[in-house]
Amino acid sequence: MSMQISGLAFDPATHPRRSTRVAFGEALMELAERDLRIVALAADSARLCCTWDFNEKHPDRGFNIGIAEQNLIGMAAGMASCGLIPFACSYAPFLQSRAIEQIRNDCAYTKLPVKIMATAAGIQMGTAGSTHHATEDLAILRSIANMTVVVPADAHATYKLTFKVAEWPGPVWLRTGRDPEFVVYTDGRDFEIGKAVVLREGRDATIIACGNLVLHALLAADLLAQEGLRIGVIDMHTIKPLDREAVLKAARETGRIVTAEEHNVIGGLGGAVAEVLAQEQPTPMRMIGLNDIFASIGPTYDLMKKYGLTYEGVADTVRKFVRG
Amino acid sequence: MPPILNQDRPKESRAEMLARLESQASLIRQRIMTTLQAAGSGHVGGSMSCADIITALYFQVLRMDPSDPRWPDRDRFVLSKGHASAVLCPALAECGFFPRELLDTFNQLDSPFSMHPDMLKIPGADMSTGSLGHGLAIGLGMAMAARVQKRLFRAFVLMGDGELSEGSVWESAMAAAFFKVDNLIAIIDRNQFGSDCALSDLPSANALAEKWRAFGWSVREIDGHDMGQVVDALTEAPFETGRPSMIVANTVKGKGVPFAEARFDWHYHVVDQDVVDRSLAALRGAESAKEEQR
C-alpha cells in the first residue's frame, strides 16, 4: 500500500518529490551494466532525458543525434532490427507528432523493440506554452497496432517500469515528466506492464488514474472518505494493453467510474476505459482531463489546479457524480 | 557451414562476372513484369530504373545466407524507395530466400508480397518500407549497430531521387557524417521522374553530388545502367575511411521497357498480357543482341 497521504494534510510545498526522468536515467544506467544490447539515443535532449551521464560512461552506446526526431526514431529502429534495445529519448510533444510516422512504420509495423522515453509530457512544461505540451500522445500512440503505452505514477514506478519496458517485446512509449513529481510509492513495490495497481477498494465509485493524477486520485479519495464516501483508486500505469479485468471489476463493485489523466479527455485513458465498459459492462463514467483545449500558460501546478487536475478538482467531480 | 552468397562465389573473370550480372539483370526485369502481371498493375518505372543496382547488390556485393535470412553478420539492405518492391522480391526469390512461384500471389489477399515490402513476411527483407524518407535513418542505425556490436557488416540504402524532397533524409545525412559511419553506403536511383511529372517540374533536390559532399559524404557519380560502374562503386565503397559513401546513379525510369522509358505515367501502370508480351520481347531482344556482342 502507498504511504498514508491525505487530502486534508497534503501540502504541495512540502510533499516529497522525485523526478521521473532522473529515476529513468538511473534505471537505464543499471540496465546498461547488465545488458550490452542497451543503447541510448537523444535528440539534443540528453540532459533533459538524463542520458547525458550514460553517454559519458558508455560513449560506444550512447548517442546524441541533434534536433532531429524523425532521424532519432529511424536510427533506433535500424539498431533494434540488428538486435539492440535502443531507448530513444526526447520531448514527448515532438515525438508524439513529428516522429509519429517513424514510430508507426519503422517501430510498430515491424514490431521492433524501440523504447521511446517521452519526457516533459502532459502540461509539465506549463510556462513553455502548448507547443511544448503533450496532451494527445496517449490517444495517438494507443491507436497504433503493436504499441505499448506506459505512464508511471511517480519516480519509483518509473524506475521499476523502465526495467520492464526494456524486457517487454516490441515498441513501448514510456511517458515521463519534467520537474520532480510528487512521490506516490514508498513501499518499494514492483509493477507488471498491463497489470493495474488497485490502491483503494471502493464502494461508491472508482477513480482510474495514470501518471501524476494517481496521487491526486488518492488524495481525493481520502478527502471524500471524510464525507462518508468510499472511493476506489486504481493506478492504470499501462494504457495499452489495458487491464480490462481491473476495469470491469471496479465497474461491477462500485457502479461508477471516473478516469483522471493529464491529457485531452478525447482518446486517452478515459477513452480506453470507455471502450471496454461500453462494450462489456455499460457503466456511468466521468472523464477528468483537459476538456479538448490547449492549456493556458502558467506554473504547472497552477495549471493543474485551474483545469481540475489536482485532488480538489478530482474530488469535486467525483462528489458531484456520486451525490448527483 | 553453407556458402555465404557472394562472399564464397567461384572465381570468374571480370568479363564473365559482368556477363553474368547483365544477363541476371535482364532476367530480373522480366520477373518484374511477370510479377506485376500477377498483381495486375504496379510500379514499373522505378523498379526498372534500379534493376541493375539491385542485381549488382544481390548477385555480387551483399554478403548473406539465404538458408539463414536473419544471420546476424549479413550485410543489410534497406529499400528506402519501398515502391520498388517488385524488383526486390524477385531478386530475393532468385537468391533462394523463397520459391519464385510464391511471387504469383503478389498483392493478393494475405500474400507476403505487396507494393511495399514487409520484413515480417518476406524472408530476406531487412526492413519494411513504403513511406519515403525513412530508409537512410534506418540504414544509419544498422551501420551504427554493427559498430556497437563489433560486427563487420555494412548497411546499403537505396533511395529514389524524388524522395530527397523529404526533410528527414537530410537529418540522417547530417548525422551519418557526424558519426563517421563508413559502413553506411547509400545509392540514389536518379531517374529524374516522380509520380506526377518530371522532378524538374517540382521543387526537388539537384546538384546532388555537391549537396552530399557538402553534408560530409564521400560521393561518386555513375551511370546506373553500366554494370561495370555499378559493381565497381558498390565494391569499392567506402570511398574514404571515416565517411559515409553516396553513389549517385544516373538512371532511366522504366529502363529496358522502351515504351515505359523516361515517362512519369509508367511510375505506376496496369500490366496486362499485352504489356508483358511487349516488355519481354524487348528485354529478350536486347539480351540476345548483347550476347552476340560478347
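Analyst: Contact here means heavy atoms within 4.5 Å. Helices (H or I, at least four residues) and strands (E, at least two) are DSSP runs, numbered from the N terminus. The model is predicted: local features need pLDDT of at least 70, side-chain atom pairs count only at pLDDT 80 or more, and totals for chains, interfaces and linings use all residues. Residues are numbered from 1 along each chain as its sequence is written, chains are lettered from A and ligands numbered from 1 in the order in which they are written, and side-chain values use heavy atoms, with hydrogens and water left out.

From helix H3 (residues 69–81) of chain A, the residues A:Asn71, A:Gly74, A:Met75, A:Gly78, A:Met79 and A:Ser81 meet B:Ala137, B:Ile138, B:Leu140, B:Gly141, B:Met142, B:Met144 and B:Ala145 in H5(B). Two packed helices are described by the angle between their axes and the distance between the axes. For H3(A) and H5(B), the axes come within 6 Å and cross at roughly 50 degrees. Axes are lines fitted to C-alpha atoms, for helices over the stretch in contact, and angles run from 0 to 180 degrees between N-to-C directions. H3(A) is therefore oblique to H5(B): angles under 35 degrees count as roughly parallel, over 145 as roughly antiparallel, 65 to 115 as roughly perpendicular and the rest as oblique. The crossing of this pair is right-handed, that is, the near helix is turned clockwise from the far one by less than a right angle.

Next, the core. A nonpolar core is a set of buried Ala, Val, Leu, Ile, Met, Phe, Trp, Tyr and Cys residues joined through side-chain atoms within 4.5 Å; buried means under 20% relative accessible area, exposed over 50%, partly exposed in between (1.4 Å probe, protein chains only). The largest such core has 91 residues, and A:Trp173, B:Met159, B:Leu184, B:Trp212 and B:Trp217 touch the most other members. Helix H5 (residues 135–149) of chain B gives the largest share, nine residues. Domain 1 (17–182) and domain 2 (197–323) of chain A both contribute, so this core lies between them; the domain bounds come from an automatic or database domain assignment.

Leaving aside neighbours within four places in sequence, B:Trp217 is in contact with residues including B:Leu136, B:Leu184, B:Trp212, B:Arg243 and B:Met246. A second, separate core of 67 residues includes A:Ile85, A:Ala155, A:Tyr185 and A:Ala217.
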